[in-house]
Amino acid sequence: MNADGIKKYVFGTPFETKAVVNDVGVSADNIPYLTLRDDNRLVLYTMGESDKVYGLGEAVRGINKRGWIYETYCTDDPMHTETKRSLYGAHPFMIVDGKETFGVFVDSPARVTFNIGYTRVNEIVIIVHSPDYKLYIIEGETPNEIVKKFRHLIGKSYIAPFWSFGFQQSRWSYYTSGAVQDVIDNYRDNGFPLDAVYLDIDYMEGYKDFTISGERFPDFKEFVETTRKNNIHLVPIIDAGVKIEEGYDVYEEGRDNGCFCKDENGNDFVAAVWPGKVCFPDFLNEKASEWFGMKYKRLIDAGIDGFWNDMNEPAIFYSENRLETAIEKISAYKGKNIGVSEFFGMKDIVLGLSNSQEDYSAMYHNVNGEMICHNNVHNLYGSSMTRSAADAFKKIAPDKNILMFSRASYIGMHRCSGIWMGDNQSWWSHIKLNLQMLPSLNMVGFMYTGADMVGFGDHCTEELALRWLALGIFNPLMRNHSSAGTRDQEFYRFENRDAFRNLLRLRYALIPYLYSEYVKSIENDDLMFKPLSFVFRGDRYAEAVEDQLMVGECIMIAPVYEPNAIGRSVYVPEDMFAVRFRSAENYTVAPYAKGHHFVDIPNDEVVVFIRKDKALPFVAPADCTVNLDLDTIRFIGEKGTAFEYTLCKEVGVKNGEAVIEKKKITCKID
Ligand code: MIG
């Protein structure tokens, strides 16, 4: 893909976000499609009646983004309701598809508002909350072509290790090594495949990064070693905030070397998160970033080869300064007969303490000696934290492809890490949101991603767990994770263990296909998860489908996301061939003609639609990814289909990156 059809415009003096790697020169042409107003900070476009809008990465609502207002501003918000404007990631790229078809990338680390037919149904208004930014217009015939050009512009996505396509179990928290072992034993004893178990914040000593509780995880290194022998990877969490505590070396080093973000007066900026008072490493400062990244060595030396970076928006519970003001304000009511509005005002004062722009505006970065206000570069913080770790990994362990994904992100971070979709809930609507985010995240480069399967917050049910699993099977990051205080949701906790075992094993049967499609879509700057509208152009039914996806070259999925369902309506956009899996070994096939169908789907089955003239490769399942035998590969498809499939295999690691071998397999189904 070349840079044809990409136009770049620069306003003010933009902060270098490092989102773009294959840049183009500044365009001399007028800006096409868009009208700019108010010192170029207001971007306007009038849509046609049936124009669709795609992109924006991690955001609520549908694949078609039209009809809502979104903001790029990395936010720790665990209530992903449809009225939210921002989540953890900031991904300011969108595509208009209709009377004109083009992409817009507003490369700015500050807040950007995308009003897409919210105020006026046909109007797009983009407000850039900073005078300094780059604007890219990407032209192409189709949204898919525009995605490819954009993805080329921002560079190749991170390729996660093959083992991370295995199933992973997490919980906030497995408090002791015994509890972790118990999870592993339960999975293995039940014949449920498993590749990883997560360590949430309680593995640490007092929530201090890069420490390990000696009491709860004695002989940590040995424990990691034994679990690795059992083919299980342990994946610890790293939080952005560093606990303020005399004698804690990470804090003292950071303080003494000026590695923390500052306040207006040049003192270390102090806020409270899990460990209590913390300082935030200044990841936009090169020296600080190098310093923090190298700290991961402690865990890597103990045998760890996977991390998840959390709280890096950065999330702030409260800052010292603002807490004081809040207490003052509230104390003023003491002994007074306060009215209802004062009462609700008090509530707002307390709730408003968290993640407030006031704090972000009082925090500073030292970028080459210049003090930069955090609020203007807010969206780069999580990405920079993750980049600091990725850079360090190449020095610490160039022979390892280390798994990493982050909560906060900006475009550019996709080159070194994945993301997970944050604190969702055990809600039916969040199965659908999981599905809808996949293509949107692919559009902005995030390929290794997935939602907390079965839901993070709130209590799940067995039925929800099974239905979510049936979609989770297709997520690159397939992780069951849940919050403290919610119902246990490890799959062995439920009654119908046969069903859970069958679906988990089906995932392992499909891993070679999913991994190959994942790798090829990265190499081709393409989406692994495509909306039907990207593939079946001009088909008005396909274009409106919001709850089915094309997964890779060969298949379409249509998961159930409603309770008490016996199946669902599926739009079949071309003549297809459906496989009904009861397990990886027990399946039936049936043709489906192009058109609308009601498909029966009991909650212990998965139906996969195979594209015309394609076939679905699968292998014999195994208890973990290293035991998958690619030589057992077989194909399901319509009789007579002749088909050549390119299988990708991770054969080694070079300079911290996966080395992939490709193999062409010819199959003929008879
Ligand atoms: O404020 O570490 O999104 O996955 O389990 C909550 C505890 C902090 C938020 C993460 C979640 C994790 C939790 N963390």
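Predicted model: local features only at pLDDT ≥ 70, side-chain atom pairs only at ≥ 80, totals over all residues.
How many aromatic pairs does a search of the whole structure find? The search finds 54, where rings of Phe, Tyr and Trp (its six-membered ring) pair if their centres lie within 6.5 Å, and where planes under 30 degrees apart count as stacked, over 60 as edge-to-face and the rest as tilted.

One of these pairs joins tyrosine 33 and phenylalanine 102, whose ring centres are 4.1 Å apart with planes at 10°, so this pair is stacked. Because tyrosine 33 lies in the loop between β1 (6-11) and β2 (35-37), while phenylalanine 102 belongs to strand β8 (residues 101-107), the pair ties together parts that are 69 residues apart in sequence; strands here are DSSP runs (E, at least two residues), numbered from the N terminus.

Residues are numbered from 1 along each chain as its sequence is written, and side-chain values use heavy atoms, with hydrogens and water left out.

Tyrosine 33 is partly exposed at 26% relative accessibility, whereas phenylalanine 102 is buried at 0%; buried means under 20% relative accessible area, exposed over 50%, and partly exposed in between, with a 1.4 Å probe and protein chains only.

Let me finish with arginine 479, which lies over the face of tyrosine 198, at 4.7 Å from the ring centre, and also over the face of tryptophan 420, at 5.4 Å; a charge sits over a ring if NZ of Lys or CZ of Arg is within 6 Å of the ring centre and within 35 degrees of the ring normal.

How values were computed: Helix = DSSP H or I, 4+ residues; strand = E, 2+ residues; numbered from the N terminus.
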